[in-house]
Amino acid sequence: MSQFTEYRREFHRYPENGWREIRTSARIAEILTDMGYQCMMGPDVVDTDSIVHLVRPSIEEMQAAKERAIAQGANPEFVERTQGVSGVIAQFDTGKPGPVTAFRFDIDCLPYDEPEKSGYRPFDEGFISCNSGAVHACGHDAHTAMGLGIAARLLEKKEQFTGKIRLIFQPAEETFGGALSIIAKGHLDDVDRFIALHVALSAENKPLPSHTICCGCKDFLSACQLDVHFEGRAAHPCGAAQEGKNALLAACSAALNIHAIAPHEEGLTRVNVGEMRAGIAPNTIAPNAFLCIEYRGETPAIAAYLRSRIFDILDGTAKAYGLTYTCDDYGEVPAGKSDDAMMEVIGRAAAKVPWFEKIYFEGNVGGTDDAAAMMTAVQSHGGIATYIGIGCDTTQPVHNAEFDIDEDCIDAAIDLCLHALTEIHSK
């Protein structure tokens, strides 16, 4: 087992949700510092004013995250350096003129429990999540390990390169504000080449197995989230029921109609009501209800269409049931597209890695990753970018609590990136 697979398993054991990745950040910085890198941490990495207040942890939550990080083996010095803000950036500076390449590695996890069951490798081999309500079910533990591997391998080839290579370990990909807060801090302003990697994507609309790769993706969807609060009126269902305003039924009606929104002819649309909570007692007409709604579109016009239809439904539902609603808007993670020129670099690099037996030029996301915002930021000033799919056999699809991967993909991805960097940054 390579050192980087061991790192993957360590991060898998100690997963942390978005904006709470304190142990993760401290360990990344400690490992990179031991290699010889100088690391930016905390408010030097992210623009804290850009963190959406709806997902920002309280002071008490961050203090608890810091205390847990230390209890779980993080170096207290690096925990304090976070200042309660997750994220790490390290830079490989050759001291010679040349391009600036940035990598993005997402470090957060998903907010549910990992199953403790025999036959599931993380459980059998002792690296299952020890944090309740937190599991690396989307491969970010592997992405983090890949970033550390690239950092280590760069040091072996320092004299061969020109320019700068920036390694961005980004918080909060699974929620809102992670990439955008780093963009707002200016860390993409001088970047000429941008690369993000993700395991377990698809090509030709089929999952990428081990020994395959796609050089880039162009089918990103924007993502928007709304929290909707219906306010009705409580009453006894057997006495003066006519006085009640049933928020639970309103929420159910809205959810069904939102899922019935017609797709748009110009591209991909996705709508989902992911959470619903309502009511106070079985013998009381529900005076309140909550919906968490997510919608995604391939273009700004499609996203605007979905938003308009959702609010038509919410307005109509409120009128039909005689109640009111309020809405918390998380904003938008924009869509994006990889550049052919950068994808061609990745294709040539993949051909030099024996582990990759099948190379797809273009793959499929069919969803959202805020790395697209970073890609767009780099492209806006003339740079080029790509979002690579690293094929690997998996036990379950991403976002399933029993998701595990073929760990051999980690070292293959590291080799890939070193070959790409050799082409971009050679003397």
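**Figure 1. Ring pairs join Phe103, Phe105 and Phe169 into a cluster.** The model is predicted, and local features are described where pLDDT is at least 70, side-chain atom pairs count only at pLDDT 80 or more, and totals for chains, interfaces and linings use all residues. Residues are numbered from 1 along each chain as its sequence is written, and side-chain values use heavy atoms, with hydrogens and water left out. Rings of Phe, Tyr and Trp (for Trp, the six-membered ring) form a pair if their centres lie within 6.5 Å, and planes under 30 degrees apart count as stacked, over 60 as edge-to-face and the rest as tilted. Counted in this way, there are eight aromatic pairs. One of them is edge-to-face because the ring centres of Phe92 and Phe161 lie 6.4 Å apart, with their planes at 85°.

**Figure 2. The pair of Phe92 and Phe161 links distant parts of the chain.** Phe92 belongs to strand S2 (residues 88-93), whereas Phe161, 69 residues apart from it, lies in the loop between helix H6 (140-155) and strand S4 (164-170). Helices (H or I, at least four residues) and strands (E, at least two) are DSSP runs, numbered from the N terminus. Phe92 has a relative accessible area of 3% and therefore counts as buried, and Phe161, at 0%, is buried too. The term buried means under 20% relative accessible area, exposed means over 50%, and partly exposed lies in between (1.4 Å probe, protein chains only).

**Figure 3. Trp355 and Phe356 form an edge-to-face pair, and both residues are buried.** Their ring centres are 5.4 Å apart, with an angle of 85° between the planes.

**Figure 4. Arg23 lies over the face of Tyr14, and Lys358 has its charged end over the ring of Tyr360.** A charge sits over a ring if NZ of Lys or CZ of Arg is within 6 Å of the ring centre and within 35 degrees of the ring normal. For Arg23, the distance from the ring centre of Tyr14 is 4.0 Å, while for Lys358 the distance from the centre of the Tyr360 ring is 5.2 Å.

**Figure 5. The largest nonpolar core holds 71 residues.** Such a core is a set of buried Ala, Val, Leu, Ile, Met, Phe, Trp, Tyr and Cys residues joined through side-chain atoms within 4.5 Å. The members that touch the most other members are Leu32, Phe103, Ile150, Leu197, Ile390 and Leu416. Helix H12 (residues 408-425) gives the most to this core, contributing 11 residues. Apart from this core lies another one, of 37 residues, including Val100, Ala179, Ala203 and Val333. If neighbours within four places in sequence are left aside, Ile150 is in contact (heavy atoms within 4.5 Å) with Phe103, Phe105, Leu167, Ile414, Cys417, Leu418 and Leu421.

**Figure 6. Helix H10 (residues 340-350) has buried residues that are covered by several other elements.** Met342, Met343, Val345, Ile346, Gly347, Ala349 and Ala350 are the buried residues of this helix. Their cover includes strand S5 (193-199), strand S8 (212-214), strand S13 (358-360), strand S14 (384-390) and H12.

Figure 7. Most residues other than glycine have a negative phi, and most peptide bonds are trans.

**Figure 8. Ala278 is located in strand S10 (residues 269-278).** With a relative accessibility of 33%, Ala278 counts as partly exposed. Leaving aside neighbours within four places in sequence, Ala278 is in contact with Leu248, Asn288 and Ala289. From Gly239, Ala278 is 39 residues apart in sequence and 21 Å apart in space, taken from C-alpha to C-alpha.

Figure 9. The C-alpha trace spans about 80 × 50 × 45 Å along its principal axes, and 54% of the 427 residues count as buried. Among contacts between residues at least 6 apart in sequence, 83% join residues at least 24 apart.
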